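Please examine the model shown below. The paragraphs that follow consider a charge beside a ring and then the packing of helices.

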Amino acid sequence: MEKLVDDVNQNAPVVDGGVFEAIHEIMHLYRAQQYRSLRATPHELTHMENRALGYIARHPGATQRDLVQRSGRDKAQVTRLVQGLREKGLVEVRADELDRRSTRLYLSADGSAVHAELHGHGLALASQALAGLDAAERAQLEALLGRVQESLRASAAHGASSRVNSEG
């Protein structure tokens with residue numbers, strides 16, 4: 001019997017769509033291995049908790065509002081996320097020195113250690129993923145992806161300003 005092709009998730013061909021399909025597949029493979037790495041540690045962190053730890057590590061003193069804006073999650077989800085990280089002893093909340101009504105997020109000593117370990121796993125995975133490229137190829141890939149990112153950001157900014165102007 002001839003096997004039918006599943007074309008449910010297939011879209012009409014897009015110019016250079018193969019590039020984005022490749023990027024999507026790479027991210028899928030990378031994230032799958034990242035999840036396995038998370039599960040292999042004794043910390044029992046979710047992907048979102050790991051991402052929040054990374055954000056707080058890169059932005060000490062960030063607020064929950066910053067996390068909401070950066071993560072795309074709603075306020076209630078971020079509140080639960082931060083509470084879970086606090087209960088695990090990985091995040092500390094301190095009052096803002098200038099505005100006592102506001103709080104700032106910092107990694108605890110344990111949070112810093114866990115983040116360093118998981119960040120090391122991520123660096124090893126990235127190194128493994130790029131092992132077939134020499135330094136010049138890596139630099140070229142990074143530059144090309146940076147240009148694609150700039151184009152998308154410019155397009156998004158243009159779309160946002162067009163909506164504002166049309167609503168104005």
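Over the ring of which residue does the charged end of arginine 94 sit? The ring is that of tyrosine 106, and the charged end of arginine 94 is 4.0 Å from its centre. A charge sits over a ring if NZ of Lys or CZ of Arg is within 6 Å of the ring centre and within 35 degrees of the ring normal. This is a predicted model, in which local features need pLDDT of at least 70 and side-chain atom pairs count only at pLDDT 80 or more, while totals for chains, interfaces and linings use all residues. Residues are numbered from 1 along each chain as its sequence is written, and side-chain values use heavy atoms, with hydrogens and water left out.

Two packed helices are described by the angle between their axes and the distance between the axes. Helix α2 (residues 47-58) packs against helix α3 (residues 64-71) at an angle of about 120°, and their axes are 11 Å apart. That angle makes α2 oblique to α3, as angles under 35 degrees count as roughly parallel, over 145 as roughly antiparallel, 65 to 115 as roughly perpendicular and the rest as oblique. In the contact (heavy atoms within 4.5 Å), α2 contributes Met48, Ala52, Tyr55 and Ile56, and α3 contributes Asp66, Leu67, Arg70 and Ser71.

Helix α1 (residues 17-39) and helix α5 (residues 109-129) cross at roughly 145°, with axes that come within 10 Å. Residues of α1 including Tyr30 and Leu38 meet residues of α5 including Leu118 and His121.

Note on methods. Axes fitted to C-alpha atoms, helices over the stretch in contact; angles between N-to-C directions. Helix = DSSP H or I, 4+ residues; strand = E, 2+ residues; numbered from the N terminus.
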